[in-house]
Amino acid sequence: MIEEFNTQGRENLVAIADQFAQVGKVIDTKAFGSGNINDTFLVTLDCSEQKNFVLQRINTQVFRQPKLIMQNMCTFTEHVREKLQSTSLNRRWEVPQVLLTKNKQDHWRDADGSFWRAISFIEDSQSFDTMHDRSHAPEIGYALGMFHNLISDLSPEKLADTLQGFHIAPLYLQQYDEVLATTKVRKTPEINYCLQFVSDRQTFAHILENAKAQGILPLRLMHGDPKINNVMFDTVTQQAVSVIDLDTVKPGLVHYDIGDCLRSGCNRAGEETENWDNVYFDTDLCQEILAGYLGVAKAFLTENDYAYIYDAIRLIAFELGLRFFADYLAGNVYFKVKHPEHNLARAIVQFKLTESIEFQETQIRQIIKDMK
Ligand code: GN1
Ligand code: MG
């Protein structure tokens, strides 16, 4: 998709970026980050007031109602801005802001009908695709706790459901079954491994949705995608200063977030490795991330919430593997890929990680218990 822009020419991109440049002139645009859904660019301005901003083309095949995303983002940022004003924090914390076009719109449609929007860049900060430094672990947990804390008093009905079915594992299973029923699946050792892996975990996939339906776990607001590279670190202090990527902030379970944060933070080899034998779940990092999280989140977690943390870690790793595998079987229609087997490789990483989580169930449950 990014190549498409190279052929379309940089000028087009500059012209689009210019729509959002309230101050200064656009001097550079470059592909940015490692997102799997939207196209993201870092725009540089010739202006000391605002040096950079993030420009994104929303994938409207995935996010069918992009205007709702912008609406949610505005509700969220407004709430958090007010809350931060009345909270005394002894450290840096920032919230990405929606930038308007010169016509005061929160998005721009180009001639092809593509949906573009701009978000402030958190200056002097950086993110990492894998755990780069052990001291980042409690910081990642703190960041998620801070994020949850800041929205814990915003009622879930205030935000729209921008991505129906997101993190509903039984639905992913259903979609997977549909793909399987309509696709001729090759039989390679890797594919067989994945087929068997999913087949062995059919009942388990319902665990969080059942708890939600029974009222054991309450519907809250969540981030939806708090993986390690969505946490920004101050380049000098190396403290977490922001959680970015607000597209999936919507009603859900905090457990999806806790699971996602841990499955991504505790996998030192990262999501993109093809050295599957190196993939494992690091329980020391798990302890440190959770300690950072609970330092902030203890205030709003209930006894039932604790009871499902282990299952959430296991489920979100499994679910992501299932999503990658189903997309591979469906012909790579959801996640961007660099080669045809990319989603299969990603699925195997998440399944290996799930295996490692399952193997260490007793230790992980003990870590959670000791921290209550
Ligand atoms: C997608 O696009 P990105 O990288 O922010 C996906 C997440 C996955 C993640 C895995 C809307 O996020 O759910 O966990 O890839 N986002 C959506 O890297 O499906
Ligand atoms: Mg995302």
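An oxygen atom of ligand 1 lies 2.5 Å from an N or O atom in the side chain of Y334, a polar contact in the sense of a pair of N or O atoms within 3.5 Å. Taken alone, ligand 1 exposes 440 Å², of which the protein buries 94%, with accessible areas taken from the Shrake-Rupley method with a 1.4 Å probe. This is a predicted model, in which local features need pLDDT of at least 70 and side-chain atom pairs count only at pLDDT 80 or more, while totals for chains, interfaces and linings use all residues. Residues are numbered from 1 along each chain as its sequence is written, ligands are numbered from 1 in the order in which they are written, and side-chain values use heavy atoms, with hydrogens and water left out.

**Ligand shell**

- Ligand 1 is surrounded by 15 residues, and the closest are D225, K227, E271, R323 and Y334, where a residue is near a molecule if one of its heavy atoms lies within 4 Å of it.
- The shell around ligand 1 divides into seven nonpolar, two polar and six charged residues, with Asp, Glu, Lys and Arg counted as charged, Ala, Val, Leu, Ile, Met, Phe, Trp, Tyr, Cys and Pro as nonpolar, and the others, Gly among them, as polar.

**Further polar contacts**

- The side chain of D225 places an N or O atom 2.9 Å from an oxygen atom of ligand 1, and a polar side-chain atom of D245 lies 3.0 Å from an oxygen atom of ligand 1.

**Domains**

- The domain assignment, automatic or from a database, gives domain 1 (2-121) and domain 2 (136-371), and each of them contributes at least three residues to the shell around ligand 1.
- The C-alpha centres of domain 1 and domain 2 lie 26 Å apart.

Notes. A polar contact is a pair of N or O atoms within 3.5 Å; within protein, one must be able to donate a hydrogen and the other to accept it, and residues adjacent in sequence count only if both atoms are side-chain atoms.
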